[in-house]
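I opened this model to look up how its parts meet and what surrounds its ligands. My entries follow in the order in which I made them.

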Amino acid sequence: MTEIAILGVGLIGGSLALSLKKNENVHVTGFDVVEENLRMAESLGVIDRGTTHLAEAVVQADYIFLCAPVGKLQELISFLRYTPLKKGAVISDTGSTKVSIMELSHGFAQRGVYFIGGHPMAGSHKSGVEASHDRLFENAYYVLTPAEDTPKTIVNELTRLLAPTRAKVVLMDAKKHDEVVGAISHFPHIIASTLVNQIASYNDEEDWYRSLAAGGFRDITRIASSNPRMWRDILLNNRQVMKKLAEDWKKTLERISDLIEKADGEGIEKFFADARRFRDGLPEKKKGALSPYFDLYVDVPDEPGVIGRITTLLGKQNISITNIRILETREDILGVLRISFRSQEDMEKARAALQAEGYGVYERE
Ligand SMILES: NC(=O)c1ccc[n+]([C@@H]2O[C@H](COP(=O)([O-])OP(=O)(O)OC[C@H]3O[C@@H](n4cnc5c(N)ncnc54)[C@H](O)[C@@H]3O)[C@@H](O)[C@H]2O)c1
Ligand SMILES: O=C(O)C(=O)C[C@]1(C(=O)O)C=C[C@@H](O)C=C1
């Protein structure tokens, strides 16, 4: 049996646990600072066992995955440095930045313990174990940044262990990772939030900005709904790269402002044509055959007790809900209650039950 410890059982830790558990010879122990998350993870079958005692979670582990927020990785690594670990154990992480984490990884090899930085390039603006899914990483890149003193055989073993994620494992230098991922993941989160904050700052008593915000605005700002704490930590751990990207962004913005100022139609068209050519040339993202999320949007009247009636209706039919959220807007989807399920089957049963009671039920594309 391969013993796995997942430290931080949220969206990524939970999804990794679910993928790895497809291998029957794997036993997963979860550690989290929030006990409720562990109980939820156990009840959803995400982990085999949960504990809030860190030393106990890792002492028998063959593989230790650090899946906590980037800002918490330093304290976890410091703890692991001085706690008993199995000889030959492999420590990896899933943090979105790599240089600052790899700087903390030295010295384990002397104890016969190996460190391999990791970053699965898939995720969501959702967080928490309720949103975890065994196919989250399917077809995504999974970057590994091994410490210099980690033998290649150990990297190969970790790659084999990760096979059930069906991600494409690639090796990369940590600095290169932070530059590239800074540009294609971290900086876009700043831009998405900047756009939203700009619109939010316009004083409009009739609320037209909110009402008219349609497809384009919503597409480009989806990631502004991500966890602010997580993104604070990521930016603080990739500051140099962020500063350079912000400078480049200012220059580009000045260039397009200038073209508008001069009414340079040709220049403006070229600006858009260049972007379109590059965007259209991006490799097609082959997602899994099914969407990894099973969410229904239910059009509910604004009246007391309606959420209770819906959850009772689903509960009576033994359909478990993994998450429920009231959305504040009614524009892009004809519903305000988002209900998440674990499987397509649960979602379909719920759809039938809700429709039979006359609720309008929709699925976002
Ligand atoms: N969300 C994404 O899209 C995404 C994608 C790839 C990698 N990542 C990275 O993966 C990590 C986890 O992100 P997530 O989206 O799963 O976040 P999450 O908020 O869903 O889960 C984080 C979990 O860590 C727990 N935690 C907090 N402090 C802890 C500590 N000191 N020790 C142990 N557990 C602790 C939290 O209680 C929570 O359960 C982050 O480092 C993030 O940068 C995120
Ligand atoms: O899909 C999203 O919502 C994400 O933001 C996922 C995303 C990304 O930027 O692509 C975010 C952070 C990660 O470290 C990796 C993936």
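**Domains and their contacts**

I began with the meeting of two domains, and found 14 residues of domain 1 in contact with 16 residues of domain 2. On the side of domain 1 that touches domain 2, the elements that give two or more residues are H4, helix H5 (99-103) and strand E7 (141-146), and by class that side has five nonpolar, eight polar and one charged residues. I note that this is a predicted model, and that the domain assignment of the chain gives domain 1 (2-172), domain 2 (176-280) and domain 3 (294-362). I then looked up the C-alpha centres of domain 1 and domain 2, which lie 32 Å apart.

**Ligand 1**

Next I asked which residues come nearest to ligand 1. Among the 30 residues around it, they are Gly8, Gly10, Ile12, Gly123 and Ser127. Two or more residues of this shell come from each of helix H1 (11-20), helix H4 (70-81), strand E6 (114-120) and helix H10 (228-236). Sorting the shell around ligand 1 by class, I get 15 nonpolar, 13 polar and two charged residues. Because domain 1 and domain 2 both give residues to this shell, I place ligand 1 between them.

**Ligand 2**

For ligand 2 I list Ser96, Met121, Ala122, Gly123, Ser124, His125, Ser185, Ile223 and Ser226 as the residues around it, and I count three nonpolar, six polar and no charged residues in that shell. Here too domain 1 and domain 2 both contribute to the shell, so ligand 2 lies between them.

**Helix H1**

I then asked how many of the residues of H1 are buried. The count is 10 of the 10, so H1 is largely enclosed by the rest of the structure. What covers the buried residues of H1 includes strand E1 (2-7), strand E2 (26-31), helix H2 (35-43), strand E4 (63-66), E6 and helix H6 (152-161).

**Nonpolar cores**

Last, I went to the largest nonpolar core, which has 54 residues, and noted that Ala5, Ile6, Leu7, Ala17, Ile64, Phe65 and Leu66 touch the most other members. H1 gives the most to this core, with six residues.

Key: Residues numbered from 1 in each chain as written. Chains lettered and ligands numbered in written order. Predicted model: local features only at pLDDT ≥ 70, side-chain atom pairs only at ≥ 80, totals over all residues. Near = placed C-beta within 6 Å. Helix = DSSP H or I, 4+ residues; strand = E, 2+ residues; numbered from the N terminus. Nonpolar A, V, L, I, M, F, W, Y, C, P; charged D, E, K, R; others polar. Domains from an automatic or database assignment. Core = buried A, V, L, I, M, F, W, Y, C linked by C-beta atoms within 7 Å. Buried ≥ 20, exposed ≤ 12 C-beta atoms within 10 Å, placed from the backbone. Contact = placed C-beta atoms within 7 Å.
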